[in-house]
Amino acid sequence: MADFPESGNFAGFSILSRSSIDGDEKAATLCFMEDQQRGNRRKTKRFSWIAAGFLLLGVAFLVTLLSPIPGKVKRGLKEIFAPKPVVMSAANEDLLRQAEERIHAEMEEEYERKIAEIRKQLESDATPPPAVTSSQLGTVTDVRQLRSGIPFKTELNLLKGETASKERVSDDSYVASYQLTVKVPAPAKTVAELEQSNPNLSKMLPGLTGLVEKGEVSSWFYKLYDKKTARIRTDANRLSELLSKHNLYDCETILQLRSESGRRVFFLQAEMDVVSDGSDGDRLPKMPDSIVNSTYYQPYTSFGWPKQTRTPNPMIVGFEQRIAGAEKEIADKTTTAERKKWLQSRIAMLKRGIVDMKGRSFLIAEYDPFIVIPQDIMSTKGDPFAPSAGDFAVVVFGDKLYPAIVGDAGPTYKVGEASLRLAKEINARASSYSRPVSDLKVSYVVFPGSRDKDRVPPDYDHWRQRCYELLQEIGGIGTGFELHQWQNLLLPPAPPDVPPAAPEPPPVVVPTPPAVGTPPVEASPSGTPPASESTPQPDAGNE
């Protein structure tokens with residue numbers, strides 16, 4: 001233990017402690033200053049590196065701005081974040097174009113109809129009506145058959161009212177009551193029901209009975225009649241002309257069948273309307289002016305193929321004339337803005353059609369045998385029983401079987417339609433305005449997924465052979481029946497334009513010297529060298 005002085009036991013300790021603290025403070029201060037200097041040097045070094053880093057980044061940024069990299073980055077970001085474009089198959093593009101053409105044709109027809117009504121009204125206004133002294137009161141009943149075949153009864157009650165200003169605001173002064181009754185048909189499901197339309201079906205197609213027993217009604221039958229009734233509902237609400245009774249009941253059944261081998265069949269039983277569209281400059285370079293200049297004739301079909309020659313499609317001239325007429329109407333100051341907008345849309349559609357006709361050819365209804373399937377069925381995805389353009393089909397009527405293909409798409413609210421060529425083969429009196437079969441007696445046996453891989457011009461012999469092979473997969477053809485043999489009514493297209501080959505140089509004739517002691521042979525009067533052992537006469541068949 002250390003000894004401390006008596007006076008102020010803690011004083012010495014205090015002084016010693018204070019001295020020690022002062023020295024420690026000085027040392028600590030010196031250490032702090034040294035640490036601060038070292039820290040400043042480290043900060044200076046860190047600042048130098050950071051500044052250099054920022055400087056390099058700035059230089060790199062400037063270099064990047066002057067390079068093509070920003071554009072690539074921008075395009076890359078657009079590709080990542082931009083909405084993906086909808087890619088449409090060529091078949092769906094054809095269906096869309098046909099639908100657009102049909103809608104435009106209907107709009108054009110409606111426009112012409114309204115113009116005709118206005119013209120008729122103006123003409124009638126020029127003639128003063130006869131004088132009327134009083135109104136006829138009472139009940140008027142008119143029972144008649146509408147053009148659409150629907151029994152229709154109208155009853156008009158004329159009652160004595162008050163002044164027009166009062167009746168105008170009265171809710172019960174002008175009232176109509178309208179009720180429409182429609183029976184939705186049931187599909188034919190058995191061979192017995194199918195043979196009510198054609199008693200020869202099971203004889204012509206022996207395998208049909210087994211197929212129908214295991215088959216089922218296609219959902220397209222119910223969808224078809226849903227569309228029909230929806231159309232009727234819309235037209236009834238607008239007091240428009242209704243779907244005709246004939247077109248309402250145009251489908252007996254739609255069945256989906258499958259053979260033991262797995263071959264699918266889309267079986268449709270209906271009537272047969274006529275389609276008269278299509279064009280092909282390669283096979284038919286000239287068409288009547290009435291068709292070329294028609295605003296309703298469609299030059300396309302759903303089935304088409306690349307052009308084979310440079311011969312232009314004859315319908316292009318009509319399209320160009322319609323474009324010129326539309327442009328002239330747009331330039332007219334009296335044309336309304338709404339009409340101009342419609343004409344501009346029409347011009348764009350016609351120009352797309354010209355491009356299409358320059359690159360492809362199509363079936364011609366007057367010459368090619370094909371059938372028409374509703375557009376919504378042909379454009380559907382995921383239904384293995386839905387036919388597509390180019391699929392093979394056999395049309396059965398009476399005791400005849402006609403090979404064909406699915407060639408075109410039609411309206412979604414009706415079925416049973418075939419080309420004019422097929423229609424006239426069934427009924428010579430058929431035309432674009434007269435159907436060959438009005439009853440539901442035509443059976444359409446369609447083979448979904450059977451179309452050829454390559455699209456080429458019609459080859460009727462190949463179509464017949466493929467239809468025969470497909471029928472064999474579902475039971476074959478009955479004894480005593482055969483597939484119809486189509487004849488080609490059009491000349492085959494000219495071969496592709498090929499530059500003429502350079503003429504070959506004439507052969508060099510080296511005369512053979514006569515043998516020793518043999519006199520030279522003189523030329524014959526015709527100039528043809530005579531035959532000899534050294535110069536054989538050419539065969540006449542190779543000349």
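Modeller: C251 is buried, at a relative accessible area of 3%; buried stands for under 20% relative accessible area, exposed for over 50%, and partly exposed for what lies in between, with a 1.4 Å probe and protein chains only. C467 is buried too, at 0% relative accessibility. The structure has zero disulfides, a disulfide being a pair of cysteine sulfur atoms within 2.5 Å.

This is a predicted model, in which local features need pLDDT of at least 70 and side-chain atom pairs count only at pLDDT 80 or more, while totals for chains, interfaces and linings use all residues. Numbering starts from 1 along each chain as its sequence is written, and side-chain values rest on heavy atoms, with hydrogens and water left out.

Now the rings. There are seven aromatic pairs in the structure. One of them joins Y300 and F319, with ring centres 6.4 Å apart and planes at 85 degrees, so this pair is edge-to-face. Rings of Phe, Tyr and Trp (its six-membered ring) pair if their centres lie within 6.5 Å; planes under 30 degrees apart are stacked, over 60 edge-to-face, and the rest tilted. Y300 belongs to the loop between α10 (289–292) and β6 (304–306), and F319 to helix α11 (residues 315–331), so the pair ties together parts that are 19 residues apart in sequence. Helices (H or I, at least four residues) and strands (E, at least two) are DSSP runs, numbered from the N terminus. Y300 is buried at 1% relative accessibility, and F319 is buried at 0% relative accessible area. A further pair, F303 with W305, is tilted, at 5.9 Å centre to centre and 50 degrees between the planes. F303 and W305 are both buried.

F221, Y222 and Y225 are linked into a cluster by ring pairs. The charged end of K228 sits over the ring of Y225, 5.6 Å from its centre; this requires NZ of Lys or CZ of Arg within 6 Å of the ring centre and within 35 degrees of the ring normal. K223 lies over the face of W220, 4.1 Å from the ring centre.

Last, the strands. In strand β10 (residues 400–410), ten of the eleven residues are buried. Strand β8 (residues 370–374) runs parallel to β10 and is joined to it by five bridges; strands pair if DSSP finds at least two bridges between them. I373 has A409 of β10 as its bridge partner. Strand β9 (residues 392–397) pairs with β10 in the antiparallel sense over six bridges, and A393 is the bridge partner of A404 in β10.
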